Amino acid sequence: MKMPILIHPDPRLKKVCAPVDDVTDEMRKLAEDMLETMYHAPGIGLAAPQVGILSRLIVMDCVKEEGAEQEPLVMFNPEIVARSDEQNVYEEGCLSIPDQFAEVTRPAEVEVRWIDMDGRERRAGMDGLWATCVQHEIDHLNGKLFIDHIGPMKRQLITRRMQKLKREQARG
Ligand SMILES: [Zn+2]
């Protein structure tokens, strides 16, 4: 089931999300719905607060090549446990900030720990787009957006554009 995606500014996108105590059937269903919503958008990552659920859950798939097999990744309570000194710059976007992009600098490689769909603890090193994406999505769980990493002028400009977009949508 596809879910509506919240558009910035929204107070729910500013909240620190609660840890998931138990990977229940209900949480697994939410993860599946989030993947469907992300693929449909289309996007490469989605965090639970973006669909209005304030729980520490993210989904990702950074395989972008046409015709390549999907690599859906579901992470409950994801945590960065190590970061490289080396930094990487990517032009980031966000499904909650449609059609707006900005360059963001983040560690090039990270080690991440999370709980998978079967409730098992997992750990993996990530680099390239996966590293950028996982940091972007974990930021969402802490009420942070990619525009919080850029200068105040551009952040305000993007926020004003989104307020205008929301007014237009509300008018239908
Ligand atoms: Zn985002």
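**Close-ups of a predicted model**

**View 1. Glu137 and its surroundings.** Glu137 counts as buried because it has 23 C-beta neighbours inside 10 Å. (Buried means 20 or more other C-beta atoms within 10 Å of a residue's own, exposed means 12 or fewer, and partly exposed is anything in between, with C-beta atoms placed from the backbone.) This is a predicted model, so to speak of local features we need pLDDT of at least 70, side-chain atom pairs count only at pLDDT 80 or more, and totals for chains, interfaces and linings use all residues. Numbering starts from 1 along each chain, following the sequence as written. Glu137 sits in helix α2 (residues 128-141); helices (H or I, at least four residues) and strands (E, at least two) are DSSP runs, numbered from the N terminus. Setting aside residues up to four places away in sequence, Glu137 touches Gly45, Ala47, Ile58 and Met60, where contact means C-beta atoms, placed from the backbone, within 7 Å. UniProt, in an unreviewed entry, puts the feature "active site" on Glu137. UniProt positions follow the numbering used here, feature names are shortened, and annotations may be inferred rather than shown by experiment.

View 2. Cys94 comes from strand β4 (residues 87-94), while His136 lies in helix α2. Cys94 is buried, with 26 other C-beta atoms within 10 Å, and His136 is buried too, with 24 C-beta neighbours inside 10 Å. Leaving out residues up to four places away in sequence, Cys94 touches Leu145 and Phe146. With neighbours within four places in sequence left aside, His136 is in contact with Gly45, Glu92 and Phe146.

View 3. Helix α1 (residues 25-40) runs for 16 residues and reaches 23 Å from first C-alpha to last, close to the 22 Å expected at 1.5 Å a residue (the expected span is 1.5 Å times one less than the number of residues). Its buried residues are Met27, Leu30, Ala31, Met34, Thr37 and Met38. Looking down the α1 axis, these buried residues fall within an arc of 125°, so they line one face of the helix; the arc is that of the directions from the helix axis to the C-beta atoms. The face turned away carries exposed Asp25, Lys29 and His40. Among the elements covering the buried residues of α1 are β1 (45-47), β2 (57-60) and β3 (73-83).

**View 4. The nonpolar cores.** The largest nonpolar core has 30 residues, and those with the most contacts inside it include Ala31, Met34, Ile58, Met60 and Val134. (A nonpolar core is a set of buried Ala, Val, Leu, Ile, Met, Phe, Trp, Tyr and Cys residues joined through C-beta atoms within 7 Å.) The elements giving two or more residues to this core are α1, β1, β2, β3, β6 (110-115) and α2. Helix α2 makes the largest contribution, six residues. Apart from this core lies another, of eight residues, among them Cys94, Ile97, Leu145 and Ile147. As for Val134, once neighbours within four places in sequence are left aside, this residue is in contact with Met60, Pro78, Val110, Val112 and Met126.

Notes: Contact = placed C-beta atoms within 7 Å.
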